[in-house]
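Let's take a walk through this model together, beginning with a helix and moving out to the sheet around it. Have the viewer open as you read.

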Amino acid sequence: MSDIVRATAPIHYPVEIEAPDISAYRDGNRGVSFFTTFDSGIPGPKVLITALVHGNELCGAIALDHLFQNDVRPRVGSLTLGFCNVAANAEFRADYPAFSRFIDEDFNRVWDLDILDSDTHSLERARAREIRPIVDEADFLLDIHSMQNATEPLVLAGRHEKGPLLAERVGAPGLIVQDAGHASGRRMRDYSFFNDPGDPRSSLLVECGQHWSRAAADVAVDVTYRFLHAMDMIDDDLLERHAGLPTAPAQTVIEITDAITVTTDSFLFHDDYVGMEIIPRAGTEIGLDGDKPIRTPHDNCVLVMPSRRLSLGLTAVRLGRFVE
């Protein structure tokens, strides 16, 4: 067995991008700060694109700012652009870029109906309740995120078939991950009807690359325009002008078979995993949660987004397999 390395061992990624000034979008037109809807007046889908669910993930804000700066308007239906956890984003500092993910709790773990309908309070819960009526209107959601490590972009499409089908319509990124989310709370992409296999409304969460890389910003802009094109909201010419990355020749689906949740205060990985490692043999021990060994459940097990935040109750890593 290799020497045990804490997954919290630092990897210092440079901050290659700047947070855009979003102050001009504060008032919006929905009565909810930083949310703006453009209505074509022509029947079509109601599309919602969100950024800054985590305050230190800048690429989504760059993509939405790109749409505003280029006066992109939907040809059909309505398009809503929203910046979510703006309070956390206001705390972003390039010299401490990891410390503005949220203020009180993870905004992307509060979308359980029981939480939203309760009288419990945090800054993120209050903001989610404020945004919720806008989410309730949406037929399709694209939620733009980035990752801790510099691995290949992917889209989290949920556990029902409608998610991967939507990801295939968009055509990028190249990896589609089918997963059920986190034990610590429900994501916005899994909210209510988005998580109902019988409801046609659908959502995607795109992980564009390492948080502060120029490449992640490029992917965010590219996928945003491809998403709008898949919704018939923009024409081919606008797509070609702004979707600057080549389409993946074929998308690959990874089915998450196990999501490993931290159950002790001494979780350790046996190597410094960053993601997309393939472990050939079932039963390979990849870490310890206290005294409990963490083993791969099947051959050719893919490690998806191993975390460096190994607090009790959080997801340590997703274990998956490629779908033929």
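Start at helix 1 (residues 59-69): nine of its 11 residues are buried, so this helix is largely enclosed by the rest of the structure. Here buried means under 20% relative accessible area, with a 1.4 Å probe and protein chains only, and helices (H or I, at least four residues) and strands (E, at least two) are DSSP runs numbered from the N terminus. The model is predicted: local features need pLDDT of at least 70, side-chain atom pairs count only at pLDDT 80 or more, and totals for chains, interfaces and linings use all residues. Residues are numbered from 1 along each chain as its sequence is written, and side-chain values use heavy atoms, leaving out hydrogens and water.

Which residues of helix 1 are buried? They are C59, G60, A61, I62, A63, L64, D65, L67 and F68. These pack against strands 1 (35-39), 2 (46-51), 3 (78-83), 4 (140-147) and 7 (202-210), and also against helix 6 (214-230); contact means heavy atoms within 4.5 Å. After helix 1 comes D71, with a positive phi near 50 degrees.

Strand 13 (residues 301-304) runs antiparallel to strand 14 (residues 315-322), over three bridges. In strand 14, G320 is the bridge partner of V302.

Conventions. Buried < 20%, exposed > 50% of the residue type's maximum accessible area, 1.4 Å probe, protein only. Pairing = 2+ DSSP bridges.
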